[in-house]
Amino acid sequence: MEFRLIQSVAIVAVALLVPRTSGEPWVVCREEFGTFTPRSRFFANLQLIAATLPRNASASPDLYATAVDVGAIPEQVSAAALCRGDVSAKSCLSCLTQAFADLPNACSNTKDATIYYDRCMVIYSDIHFLSDDDPRQITDYTVNNNGKVVTELDRYNCLVAALANATADYAAYNSTRLYASGEVDFNKEFPKVYSWAQCRPDLTPARCRSCLAEIMAQEIWSYKDNIGGRTLSVRCSFRVETEPFLNGTILVRLPATTALSGSPPAPPSTTAVGVKTGITSL
């Protein structure tokens, strides 16, 4: 399956996107933060985190854990690890362990780096990155499938918008884990459309929904007519696909009559956004 990579215009700091292949992992390397060497205290502190954070996250009910200010300035390291809400603890541990092993080399030992896999994500930095005013909170990474839907395009795009909004609402306001999965019936070409939305568990419901609204408004227009795509960020992420990709119970099911008519995606400058409603059309 082919992918198209999109660097969002919401990225306000210089970052290097490094796709190893057309698939996972997807890496954001911030070279402006400098680099470390394998003999540095920064690397030693990062290794301490790598030895404990995957187990802490996989043992957590939220599949999430952080390590804040490990070591002394200027070699201090903070990190966060999060797994997709439907994966097992074992799968979470495996993914996060791999992420910590891959990320330094993938980013040429930059001191600020993020790696996304299908099942998990890891970020580490030499600065605090969990605060609301940190610029990477509005950094996102979009991966779109190049395959196209060829029938009922307007209806399909409206279904994607409706499903994305409904899944985001559930993740923010009906899940203590800030996670949701969804599906909606489409047609014979693609019987169902599936969705996923998830926020970092330390966000409030309102901040979770606001984050999802922001990245959807910024990127979902680029999903137009595509058979799937995902937008990943440090605070929140979402995904839609025409093939199943999640485990466990589907939490949001929309009726087949949802959004029977509407307009195709609009670019970010004309997309309507609201904290709870997210986007009004795709």
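Student: How are α1 and α2 oriented, roughly parallel or roughly antiparallel to each other?

Tutor: α1 and α2 are roughly antiparallel to each other, a term for angles over 145 degrees. Note that this is a predicted model, in which local features need pLDDT of at least 70, side-chain atom pairs count only at pLDDT 80 or more, and totals for chains, interfaces and linings use all residues. Residues are numbered from 1 along each chain as its sequence is written, and side-chain values use heavy atoms, with hydrogens and water left out.

Student: At what angle do α1 and α2 pack?

Tutor: Helix α1 (residues 41-59) packs on helix α2 (residues 89-106) at about 160 degrees, and their axes are 8 Å apart. Axes are lines fitted to C-alpha atoms over the stretch in contact, and angles run from 0 to 180 degrees between N-to-C directions. Helices here are DSSP runs (H or I, at least four residues), numbered from the N terminus.

Student: Which residues make the contact?

Tutor: With contact meaning heavy atoms within 4.5 Å, the α1 side includes Leu-46, Ile-49 and Leu-53, and the α2 side includes Leu-93, Leu-96 and Phe-100. The residues of this contact divide into 12 nonpolar, two polar and one charged. Nonpolar covers Ala, Val, Leu, Ile, Met, Phe, Trp, Tyr, Cys and Pro; charged covers Asp, Glu, Lys and Arg; the others, Gly among them, are polar.

Student: Moving on to α3, why is it described as largely enclosed?

Tutor: Because 15 of the 21 residues of α3 are buried, α3 is largely enclosed by the rest of the structure. Buried means under 20% relative accessible area, exposed over 50%, and partly exposed in between (1.4 Å probe, protein chains only). In the protein chain, 56% of the 282 residues count as buried.

Student: And how does α3 pack on α4?

Tutor: The angle between α3 and helix α4 (residues 205-219) is about 155 degrees, with the axes 8 Å apart. That makes α3 roughly antiparallel to α4. Among the residues in the contact are Ala-168 and Tyr-173 of α3, and Arg-209 and Leu-212 of α4.

Student: Is Ser-108 buried or exposed?

Tutor: Ser-108 is exposed, with a relative accessible area of 57%. Ser-108 also has a positive phi of about 55 degrees, although it is not a glycine. Most residues other than glycine have a negative phi.

Notes:
Helix = DSSP H or I, 4+ residues; strand = E, 2+ residues; numbered from the N terminus. Parallel < 35°, antiparallel > 145°, perpendicular 65-115°, else oblique.
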